[in-house]
Amino acid sequence: MGAALTRYRVIAYVVGVVLIMLVVIGMPLKYGFDNPVVVETVGPAHGFLYMLYLLAAFDLGRRAGWSLRRMALVMLAGTVPFVSFFAERGVTREIDGRLREREPVAG
């Protein structure tokens with residue numbers, strides 16, 4: 001489950017950054033200054049990366065035994081700017097806690 005968590009964390013961060021670029025830079029340029037270049041380049045990249053995010057979240061959720069509701073909420077976190085960062089932190093705390101419980105105690 002540790003490798004699945006790492007994959008999820010990396011793609012959640014990347015999707016979050018790309019979405020912020022799209023919303024904060026691309027949209028104002030497109031609609032305020034009639035310059036769609038950022039939306040035309042970053043938009044498709046975000047779409048592809050979001051598909052990877054969905055796969056990573058599904059894989060992690062399946063391994064962690066999440067409910068479908070929980071899995072759907074984590075997946076939707078990649079669609080709202082900044083929310084993927086909060087979701088990633090919460091998921092990481094949960095999964096790290098589970099992984100620590102499984103580690104043998106040295107003594």
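R7 and D59 form a salt bridge in this predicted model, with the closest N and O atoms 3.0 Å apart. A salt bridge here is a side-chain nitrogen of Lys or Arg within 4 Å of a carboxyl oxygen of Asp or Glu. R7 belongs to helix α1 (residues 2-33) and D59 to helix α2 (residues 37-64), so the pair ties together parts that are 52 residues apart in sequence. Helices (H or I, at least four residues) and strands (E, at least two) are DSSP runs, numbered from the N terminus. D59 counts as buried, at 15% relative accessibility. R7 is partly exposed, at 43%. Buried means under 20% relative accessible area, exposed over 50%, and partly exposed in between (1.4 Å probe, protein chains only).

D59 also pairs with R63 in a salt bridge (2.9 Å, N to O). R63 and D59 are 4 residues apart in helix α2, about one helical turn. R63 is partly exposed, with a relative accessible area of 44%. In helix α4 (residues 83-102), E94 and R98 are likewise 4 residues apart, about one turn of the helix. Their side chains meet in a salt bridge (2.8 Å, N to O). E94 is partly exposed at 21% relative accessible area. R98 is partly exposed at 27%. Salt bridges with shared partners join R7, D59, R62 and R63 into one network. The whole structure holds 7 salt bridges.

The protein chain contains 4 helices and 0 strands. Its pattern along the sequence is α-α-α-α. The radius of gyration is 16 Å, well over the 13 Å that the globule rule gives for 107 residues, so the chain is more spread out than a compact globule. This radius is taken over C-alpha atoms, and the rule is 2.2 Å times the number of residues to the power 0.38. The C-alpha trace spans about 65 × 30 × 15 Å along its principal axes.

Of the 107 residues, 35% count as buried. Among contacts (heavy atoms within 4.5 Å) between residues at least 6 apart in sequence, 70% join residues at least 24 apart.

Residues are numbered from 1 along each chain as its sequence is written, and side-chain values use heavy atoms, with hydrogens and water left out. As the model is predicted, local features need pLDDT of at least 70 and side-chain atom pairs count only at pLDDT 80 or more, while totals for chains, interfaces and linings use all residues.
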